[in-house]
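Here's a quick tour of some aromatic rings, a couple of charges and a pair of strands. Have the model open and follow along.

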Amino acid sequence: MRTGKWFQTAAVAVTIGAVVAGCSSSSSDNAASSAAPSASSTEKITLTVATFNEFGYDNLYAEYMKLHPNITVKAKKAATSQEARDNMNTRLAAGSGLSDIEAAEVDWMPEMMQNSDKFMDLTSDDVTGRWLEWKTKAATTADGKLIGYGTDIGPEAVCYRSDLFAKAGLPTDRDEVAKLLTGDWNTYFNVGKQFVSKVPNVGWYDSANAVYVAKLNQMENPYSSSAEEEAIIPLDENTQIKALYDEVITQSVDNKLGAGLSQWSADWTKSFQTGKFATMLCPGWMLGVVEGNAAGVKGWDIANVFPGGGGNWGGSYLTVPEQGKHKAEARELAAWLTAPEQQIKAFKLKGTFPSQVEALKSTEVTENTNKFFNDAPVGKILADRAAAVTVTPFKGPNYFAVDQAIQDGITRVATDKSTEREASWKKAVEEVKSIG
């Protein structure tokens, strides 16, 4: 979920049915309307698509090439959002080298909005009304230019290992687990203390940083004001972030609830096979990641609950850089990939929860179950989790840089164990000062 500099995003504390009522649909083949750029050439071309983490598009590329024999789609997948962001910024500055389609993650989309002249205006009649309103607004400039097509949103639930819960004498049925964890963050941490007291050498959760992000996404103004001109709150004056930093370190390190892993690292990936933690804070897009890393491991399930009520982590956009040689064809591919029909397929394959209004009404989403997660009704669970979100943070152009400085500070203490808590915080304070 993303907010922009020019507006405060609407809370998603409504039912999915109410959100999608009265909105328009779009065609699977996504033929360009009269307002869309022409992409009717039969010239044989190659389109590159740069994503990160897991978008669920691998099968869709093959389908698109079958529908368009003159087009070859070449996929580029960065390991992390940070890696993709660095590549984007470097090649935007150079004026060349970007893919025909570049994915942008919500936390650094405001940076791209500051460079909106370097991206194609994707406004077109054939996509009008396709997305949740706040999803479209986050990629729309003050003068009405749309620079990104929404892919997914990230409502969070709790994924858990039922076999490890059983070892700790905790309930294993997903409805009972939801009851057990319903409440504030202290409820989640207190159950975790029960768990680690019964199951030694296994963390309650995988990553201190994941807990930090989850709690951060329940704050309205974590790092800056919501003013037209963003004003970063100096970290040495930001009492709410210092309190959150201290809480995460205390719970993860002092109370030994964290497994000491850094998400996306090699150790984290391997840990799914060795049972290093019992729960994960899971946005929809994480389900495919878990299934891929935990292939062959029995016991994974997902509960319709989240500490503190609701939270959204992540979600992305597809952009078309102006430096591309085949912008019209790239726009058509981006529009097709983000059409409801395709996003439903991506959701069913990898759990990436759609942001398209027609997809959210589809029984293919609402009645979807996931065999790997013990046949959990993931469609209903994620829809309920989306409806539970009542706060979305304001994220200005400097959000990602500030957030990275603090998360690096947490990593030094909770994962690398290379720096003491206060020394690491002071380093983060100085790094944020340098941002301006």
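What follows goes from the rings to the charges and then to the strands.

This is a predicted model, with local features needing pLDDT of at least 70, side-chain atom pairs counting only at pLDDT 80 or more, and totals for chains, interfaces and linings using all residues. Residues are numbered from 1 along each chain as its sequence is written, and side-chain values use heavy atoms, leaving out hydrogens and water.

Let's start with the rings: the structure holds 28 aromatic pairs (Phe, Tyr or Trp rings, the six-membered one for Trp, with centres within 6.5 Å; planes under 30 degrees apart are stacked, over 60 edge-to-face, the rest tilted). Take Tyr 188 and Phe 189: their ring centres are 5.9 Å apart and the planes meet at 55°, so this pair is tilted. Tyr 188 is buried at 0% relative accessible area, and Phe 189 is buried too, at 1% (buried is under 20%, exposed over 50%, partly exposed in between, with a 1.4 Å probe and protein chains only). Both belong to one aromatic cluster, whose members include Trp 185, Trp 204 and Phe 306.

| Lysine | Ring | Distance to ring centre |
|---|---|---|
| Lys 135 | Tyr 317 | 4.4 Å |
| Lys 242 | Trp 425 | 5.7 Å |

Now the strands (DSSP E runs of at least two residues; helices are H or I runs of at least four, all numbered from the N terminus). Strand 1 (residues 45-52) pairs with strand 2 (residues 71-78) in the parallel sense, over eight bridges; pairing takes at least two DSSP bridges. Ala 50 has Lys 76 in strand 2 as its bridge partner.

Technical notes:
A charge sits over a ring if NZ of Lys or CZ of Arg is within 6 Å of the ring centre and within 35 degrees of the ring normal.
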